[in-house]
Amino acid sequence: MKRILPLAFALALSAPAFAQTVDNQGAKTLSDNLARYFGKQAFDKGVLKVSVEGDAYKIALDVKALVNAVPEQKLLKFDMAPYALMVKPRSDGSWDVSSNFSQGASFEFDGPEGRQSMEFTIKDGKLTSVYDPALAAFTNATSSLAGMTMTSRQAKQQADVSTGAGTATVTATKSANGGVDFTATQKVLDFVEKIKIDDPDSGMNFPLTLKTPELSVDASGKGVHTKPLLDLLAFAVANEDEAKLKANQAELKSLMLAALPVWERIDGNYGFKNFEVESPVGKFGATQFSTAFGMDGVSQNGKVDYSIKAAGLTIPRQTLPEWTAPLLPTDVDLNFGGANIDLDTMAKKAIEAFDLNKNPPLSDEFGKALIADFKAKNPKVVIGHSTVKNGAIEVAMEGEMTFPGEKPDATLTVDVAGYDKIVDALKEAAKSDEQTAQAFPFALAVKGFGKTLPDGRLEWMINTKADGSVTVNGAMLKGPDEVQDDNSGGDDGANGTDNSTGGDNSDGGDNGGAGAKLQP
């Protein structure tokens with residue numbers, strides 16, 4: 001529910017304050033603004049209410065009323081106090097926004113596998129911020145809480161989550177190319193999640209405990225089109241009726257185009273310090289663990305990036321053979337994603353072509369042509385420089401893959417420091433482990449394909465082509481796939497077809513082999 005609040009007051013405050021006097025007329029103006037985005041029924045059914053309190057307005061969001069307005073939820077129990085925001089107009093046209101979001105809630109309902117329930121508490125939650133309607137964004141915001149607890153119960157799983165103190169900040173400015181640039185940070189202390197799974201059908205019965213003394217979240221955005229996105233939401237509320245939506249689809253298309261590229265770039269990162277996972281097989285851990293995601297907006301040459309990083313990894317060894325110890329990773333840095341992604345052309349063509357008066361709005365033929373056009377732009381799957389380490393052993397890789405046809409065209413470079421240590425570990429294990437004994441000759445063969453670099457590392461440059469061929473460091477490991485002859489009448493000689501290129505073979509060469517099979 002915490003995520004509902006920022007959206008609610010962002011929409012409510014989308015009109016300038018103009019140093020207005022706080023009175024009942026101002027409360028009505030705020031109500032009208034909210035109704036534009038949430039609908040008049042939200043007020044008629046008591047979900048939202050705006051009132052005057054001293055020199056500020058109080059915006060109350062009654063979640064119980066919202067639940068009661070959706071009877072198909074069939075909740076057996078629901079208890080939650082309304083959320084309240086205090087908003088006050090400033091002389092520069094922006095708004096002061098504050099809230100005490102300390103809260104407790106619980107609910108129960110019958111799910112497909114039995115009774116389910118959840119309850120949570122937020123202790124001493126506070127928010128102070130400034131909202132700028134000209135940007136449709138918070139120019140600054142800070143929030144804090146003393147702690148949070150949450151419990152959920154399902155037929156085959158239960159979870160208990162708790163945190164200590166937490167803080168968050170948000171800042172935003174006008175972007176040079178339109179929209180809003182923002183940064184956001186959040187830090188939560190003493191995060192613990194206990195999960196217990198008991199599923200007799202699958203035989204799974206085990207507990208897990210995840211914990212970290214510090215969880216942090218960092219996010220940033222560039223050129224986020226906040227106002228066009230609000231316009232789209234307002235259009236959706238105003239055109240809930242299907243017939244009206246169809247009649248106004250030209251306006252919808254215009255608003256959708258105005259919202260592009262949605263944002264220029266969005267990046268986010270989750271970080272964990274001294275992360276631990278306690279399980280029945282032992283304790284997994286990392287002194288530092290993080291996951292990151294980044295994505296360009298709708299553009300003709302977009303990128304998507306993911307990364308997973310861990311340092312000081314510990315893995316329980318009681319279930320693993322002793323010889324694996326020197327091979328288990330202690331540090332991991334994985335980077336992958338996509339590049340040359342043309343979503344701009346796809347989006348604009350789809351917006352131009354869809355027709356809500358047709359079923360479906362976009363034909364199957366159009367969809368197939370759109371996908372074919374997307375592939376023709378040659379998007380790439382990218383492996384950025386990634387490493388896996390254990391002591392003197394380090395495996396590094398990077399490469400990319402495209403799909404010029406049905407089969408991929410890929411390049412991958414792998415280099416290894418300490419490869420001899422890997423071979424030594426496998427050699428020792430082969431004395432007592434039959435499967436390792438079978439793998440040991442393969443490890444030696446792989447080494448034979450490697451190229452020794454000046455620093456002693458071994459490198460393999462692997463290329464696979466769409467024709468099925470594979471080369472390693474320039475040496476052909478596998479030739480092109482044999483091209484299937486569509487003529488079912490047997491070989492060319494039998495049916496009298498001449499597949500030569502005409503005349504004599506003036507180059508003196510032989511047109512047989514794979515090259516001959518490609519002749520028309």
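Colleague: How many bridges pair strand 19 and strand 20, and in which sense?

Modeller: Strand 20 covers residues 393–402, and eight bridges pair it with strand 19 in the antiparallel sense. Bear in mind that this is a predicted model.

Colleague: Which residue stands opposite Met-401 there?

Modeller: Val-381 faces Met-401, which is in strand 20.

Colleague: And what about the turn, how many residues sit between the strands of that hairpin?

Modeller: Two residues lie between strand 19 and strand 20. Gly-391 in this hairpin takes a positive phi near 60 degrees.

Colleague: Which way does strand 18 run against strand 19?

Modeller: Strand 18 (residues 331–341) and strand 19 (residues 380–390) run antiparallel, joined by seven bridges. Within strand 19, Lys-380 has Ala-339 opposite. So strand 19 pairs with strand 18 and with strand 20, by the bridge count of at least two that pairing needs.

Colleague: Changing topic to helices. What do you quote for a packed pair?

Modeller: Two numbers describe such a pair: the angle between the axes and the distance between them.

Colleague: Fine. What are they for helix 7 and helix 8?

Modeller: The angle is about 170 degrees and the axes are 9 Å apart, for helix 7 (residues 249–259) and helix 8 (residues 343–353). The two helices are therefore roughly antiparallel to each other, since angles over 145 degrees count that way.

Colleague: Which residues make the contact?

Modeller: Helix 7 supplies Lys-253, Met-256 and Leu-257, while helix 8 supplies Lys-348, Ile-351, Glu-352 and Ala-353. By type, the residues of this contact are four nonpolar and three charged, with no polar ones.

Colleague: How do helix 2 and helix 5 cross?

Modeller: Their axes cross at roughly 80 degrees and come within 6 Å; helix 2 is residues 24–38 and helix 5 is residues 226–238. That makes helix 2 roughly perpendicular to helix 5, because 65 to 115 degrees is the range for that word.

Colleague: Which residues meet in that crossing?

Modeller: From helix 2, Ala-35, Arg-36, Tyr-37 and Phe-38 meet Leu-230, Asp-231, Leu-233, Ala-234 and Val-237 of helix 5. Seven residues of this contact are nonpolar, two are charged and none is polar.

Colleague: I also marked Thr-226. Where does it lie, and is Thr-226 buried or exposed?

Modeller: Thr-226 is in helix 5. Thr-226 counts as buried because its relative accessibility is 18%, and the cut-off for buried is under 20%.

Colleague: What does Thr-226 touch?

Modeller: Leaving out residues up to four places away in sequence, Thr-226 touches Leu-135, Ala-136 and Val-180.

Colleague: Next, Gln-154. Where is its place in the chain?

Modeller: Gln-154 belongs to the loop between strand 10 (147–153) and strand 11 (157–163). With a relative accessible area of 43%, Gln-154 is partly exposed.

Colleague: Which residues does Gln-154 touch?

Modeller: Arg-115 and Gln-116, if residues up to four places away in sequence are not counted.

Colleague: Last topic, the whole chain. How many helices and strands are there?

Modeller: The chain has 13 helices and 25 strands. It has 520 residues, and 33% of them count as buried.

Colleague: What is the accessible surface?

Modeller: The figure for the chain is about 29,500 Å², and carbon and sulfur atoms account for 56% of that.

How values were computed: Residues are numbered from 1 along each chain as its sequence is written. This is a predicted model: local features need pLDDT of at least 70, side-chain atom pairs count only at pLDDT 80 or more; totals for chains, interfaces and linings use all residues. Side-chain values use heavy atoms; hydrogens and water are left out. Axes are lines fitted to C-alpha atoms, for helices over the stretch in contact, and angles run from 0 to 180 degrees between N-to-C directions. Helices (H or I, at least four residues) and strands (E, at least two) are DSSP runs, numbered from the N terminus. Angles under 35 degrees count as roughly parallel, over 145 as roughly antiparallel, 65 to 115 as roughly perpendicular and the rest as oblique. Contact means heavy atoms within 4.5 Å. Ala, Val, Leu, Ile, Met, Phe, Trp, Tyr, Cys and Pro count as nonpolar, Asp, Glu, Lys and Arg as charged, and the others, Gly among them, as polar. Buried means under 20% relative accessible area, exposed over 50%, partly exposed in between (1.4 Å probe, protein chains only). Accessible areas come from the Shrake-Rupley method with a 1.4 Å probe; for residues, only the protein chains shown count as cover.
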